Amino acid sequence: MDSSYARPLKPSGEFLRQLRRLGDVAAPASILPTVLERVGLVDSYTALDTPIGPAFMAYNDHGVSALMRALSAADFERQFRRRFGRPLRQVPELPTRLRHMVQRLLSGARHAALHLDLRRMSEFERAVLLKALQIPRGEVRPYAWVAREIGSPKAVRAVGSALGKNPMPLLIPCHRVVRSDGQAGAYALGPEAKRAVLAAEGVDVEEMEELARSGTRYYGSDSTRVYCFPTCRHARRITARHRVPFSSVEAAAAAGYRPCLVCRPARAS
Amino acid sequence: MHDQKMSAALAADLDSSFEQVVLAYQHRLYAFALRLTGNPQDAEEITQDAFVRAYRALRTYPASRRHALALRPWLHQIALNVFRNRLRRRPLHLVPLDQGDEAGDLELEGDKEVQPDVALERAELNASLNALVAALPPRYRVAVVLRYVQGLGYREMAAVLKQPIGTIKANVHRGIHLLREVADAQEQITCSHAQLNARRRIR
């Protein structure tokens, strides 16, 4: 027999009690909040200056979860809880990387790899919001365009209400979606705020509304025979001499024009 | 029993009941990770990673599977996997044997019933035993910690380790023997030290 088996086989009770006591430790208090934040069950938030005034922004491990105007931190917490039902904790400022990205986005950067937490939205609402995200700064598109682009051409009203639920206005530019008749239309923060934000992005809101009132929906270029939405960057560089207004897709097609491949006023056929 | 209730809550609404799971298991899992690594910082990271992984896995499980889940072995298994992955990444993580040098390292019990000197003695004992456990070869360390520190039964351990019960019993046994051998050897050294010191004082 091996010599080690000469010892008693059963370890002594005192030794086992000592081992057992190694299990009597308290986990550091930082574990719970860190875990909840990392899995997106609790959001951090802080005050943020935006072009529409002071607001509050919340985020978690999935990305930015909300940007809202509120009277106070307590007011924001109330709104957030009513909408998302998740606990919040206030932090003095955004993490550096996130802060830089949000600042760049709010000051007009076209691309920012900002993660967004849209878990609470339905698949349709997510599609609408992600589509709105593709509209470049300084340009607008009609509700019907969004509906067609996401493959539900009849759901124009549903697009409107999905945009109305945008949990992070400005970051997701729902203000760049306007009515087909050229009116700016509804906005979570009020129609005036919508016009102000568009104007700040370089859209001539008065001209846009005036143009629509006169019946013009598209601009074509008689040299390229391509027509665009009037705010499309390709429409804006057509000189007045070559600019042809159209009131409908059919009129443009009848005149032998094809839709722009960038702003896609109609599916290219 | 309590475990079953929690699984039922997880099946019903994961997001609102997950916090309860963290609250209920954070001390257990942290103790597990602490005794596997012997290092509080690693233990905290392992515990956090384990819960995050658990949550992400739970999200993908259908409600019926969440309901049938045996949380205790399952969470231990995840923590163990996190630990093993880290071990693989940093294979040579050496644990110093004398961790009791600084008083700050000692885990003093806050219990008022325990006399301070007794508490200190226990803390010293814990610290040296902690180092001894952390110095065991991983195979034995995991077995000993699961069985005697965490108090899992052999059947649960078989679920965690995916090993036959006979193998696990052998590893626990060998682990305890190794521990005792080293502990006894150390005790003799410290004793002779004490005697030496005592003799010096007399002179």
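A: **A mixed sheet and its surroundings**

In chain A, four strands form an open sheet in the order β3-β2-β1-β4, with mixed pairing. The model is predicted: local features need pLDDT of at least 70 and side-chain atom pairs count only at pLDDT 80 or more, whereas totals for chains, interfaces and linings use all residues. Residues are numbered from 1 along each chain as its sequence is written, and chains are lettered from A and ligands numbered from 1 in the order in which they are written. Strands (E, at least two residues) and helices (H or I, at least four) are DSSP runs numbered from the N terminus; two strands pair if DSSP finds at least two bridges between them.

The edges of this sheet are β3 (63-68) and β4 of chain A; each has a single partner strand, so one side of each lacks a neighbour in the sheet. From one strand to the next, the twist averages 35 degrees. Helix α3 (residues 73-84) of chain A packs on the sheet and touches β1, β2, β3 and β4 of chain A, its direction making about 120 degrees with that of β3(A). Contact here requires that the C-beta atoms of two residues, placed from the backbone, lie within 7 Å. Axes are lines fitted to C-alpha atoms, for helices over the stretch in contact, and angles run from 0 to 180 degrees between N-to-C directions.

Strand β1 (residues 43-50) of chain A is joined by seven bridges to strand β2 (residues 53-60) of chain A, and the two run antiparallel. They form a hairpin with two residues between them, and Y45(A) faces A58(A) in β2(A). With strand β4 (residues 88-90) of chain A, β1(A) pairs in the parallel sense over three bridges; there, S44(A) has R89(A) as its bridge partner.

Chain A also holds an open sheet of four strands in the order β9-β7-β8-β10, again with mixed pairing. Here β9 (243-246) and β10 (258-259) of chain A stand at the edges with a single partner strand each, so one side of each is left without a neighbour in the sheet. Strands β7 (residues 218-221) and β8 (residues 226-228) of chain A pair in the antiparallel sense over three bridges, and Y219(A) stands opposite C228(A) in β8(A).

L75(B) is buried because 25 other C-beta atoms lie within 10 Å, where 20 or more counts as buried, 12 or fewer as exposed, and values in between as partly exposed, with C-beta atoms placed from the backbone. Apart from its neighbours within four places in sequence, L75(B) is in contact with Y25(B), L29(B), A50(B) and A54(B).
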